[in-house]
Amino acid sequence: MAGRAAALSVASGMRLGLGTGSTVAHFLEHLGARMARGELSGVVGVPTSVRTEKAARRLGIALAALEEVGTLDLTVDGADEVEPGLDLVKGLGGALLREKMVAQSSARMLVIVDDSKLVGRLGEIAPVPVEVVPFGHASHMGWLKDLGAEPRVRDGSNGRPYRTDNGNLIVDCRFPGGIEDPAGLERRLARRAGVVESGLFLEMATEAVVAGAGGVRRMKRGVQ
């Protein structure tokens, strides 16, 4: 339901950021169907992962590199947590770096989720993914614990550490009870050499489409 609603927010000629994840997969299917029916034309997407790129090509969605399109009109992406002010935790799908690069290049960011992703405070349910370079990655673990996290290097399907499309590792950081100061945590992570990016998406989403048993509702930043 959320993916269908998001696809209806797309207009002809839009330059779109295409997120990554299971909910976005539904959005892409509905977007591709609208294009196949001739309801949309001139839509160009920038994928945030190899998986999204493959899906978009299969559905006939035209693609471009981020540097080719300038400012994007809209990015549609999922989230692992959404708090009332529309700050997010993202990255359980492993594409947080590219997702954040695309989102910050967009005029608007529309998040599609089901209502199980709504939280009162970030970190209550999902861990915060932290993408790190492989060199010396174990040196971050004690430092992350000092920040209040319970860090764990993400495992891949092959029994080895998971690798992102960028060749990096992800440390999933759980914060029992949630994160008291997400902005402060993000600043500290950004200053740490070897940390590439975090899954804290603060003040980026402008709107959320939330699906639940009662249907679909929209949340907008700054509107309670």
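Predicted model: local features only at pLDDT ≥ 70, side-chain atom pairs only at ≥ 80, totals over all residues.
Contact here means heavy atoms within 4.5 Å.

**Entry 1: helix H3**

I asked which elements cover the buried residues of H3. The cover includes strand E1 (15-18), helix H2 (22-36), strand E2 (44-47) and strand E3 (62-63). The helix itself spans residues 50-58, and in it I found Thr52, Ala55 and Ala56 buried. Looking down the axis of H3, I saw these buried residues fall within an arc of 100°, so they line one face of the helix. On the other side of H3, I noted Lys54, Arg57 and Arg58 as exposed.

An α-helix has 3.6 residues a turn, so residues three or four places apart point the same way.

I then checked a pair within this helix. Arg57 and Glu53 sit 4 residues apart in H3, about one turn of the helix, and their side chains meet in a salt bridge at 3.2 Å, N to O. Arg57 is exposed because its relative accessible area, 55%, is over 50%. Glu53 has 29% and is therefore partly exposed. After H3 comes Gly60, with a positive phi near 80°.

**Entry 2: the sheet**

Next I traced the strand order. I found an open sheet of 7 strands, ordered E3-E2-E1-E4-E7-E13-E14, with mixed pairing. Its edge strands are E3 and strand E14 (215-220), each of which pairs on one side only.

I looked at one of the pairings in detail. E1 and E2 run parallel and are joined by 4 bridges. Arg15 stands opposite Val44 in E2.

Where does helix H5 lie? I found H5 (residues 96-104) across E1, E2, strand E4 (74-77) and strand E7 (109-114). The helix runs at about 150° to E4.

**Entry 3: nonpolar cores**

I wanted to know which residues touch the most other members of the largest nonpolar core. The core has 25 residues, and the two are Phe27 and Leu31. Two or more residues come from each of helix H1 (2-7), E1, H2, H3, E4, E7 and E13. H2 gives the largest share of this core, 5 residues.

The contacts of Phe27 are then Gly3, Ala6, Ala7, Val10, Leu18, Val76 and Ile112. Apart from this core lies another, of 23 residues; among them are Val128, Trp143, Ala149 and Leu200.

**Entry 4: salt bridges**

How many salt bridges are there? My count came to 13 salt bridges.

The side chains of Arg218 and Glu207 meet at 2.8 Å, N to O. This pair links distant parts of the chain, with Arg218 in strand E14 and Glu207 in strand E13, 11 residues apart.

Glu39 is partly exposed, with a relative accessible area of 38%, while Arg37 counts as exposed at 56%. I also found a network of salt bridges that links Arg34, Arg37 and Glu39.

**Entry 5: positive phi**

Most residues other than glycine have a negative phi.

Where do they sit? Leu86 is in the loop between strand E5 (81-82) and strand E6 (88-89). Glu203 is in the loop between strand E12 (200-201) and strand E13 (207-212).

Is Leu86 buried or exposed? Leu86 counts as buried because its relative accessibility is 1%, which is under 20%. For Glu203 I read a relative accessible area of 68%, so Glu203 is exposed.

Notes: Residues numbered from 1 in each chain as written. Heavy atoms only, no water. Buried < 20%, exposed > 50% of the residue type's maximum accessible area, 1.4 Å probe, protein only. Arc of directions from axis to C-beta. Pairing = 2+ DSSP bridges. Axes fitted to C-alpha atoms, helices over the stretch in contact; angles between N-to-C directions. Salt bridge = Lys/Arg side-chain N within 4 Å of Asp/Glu carboxyl O. Core = buried A, V, L, I, M, F, W, Y, C linked by side-chain atoms within 4.5 Å.
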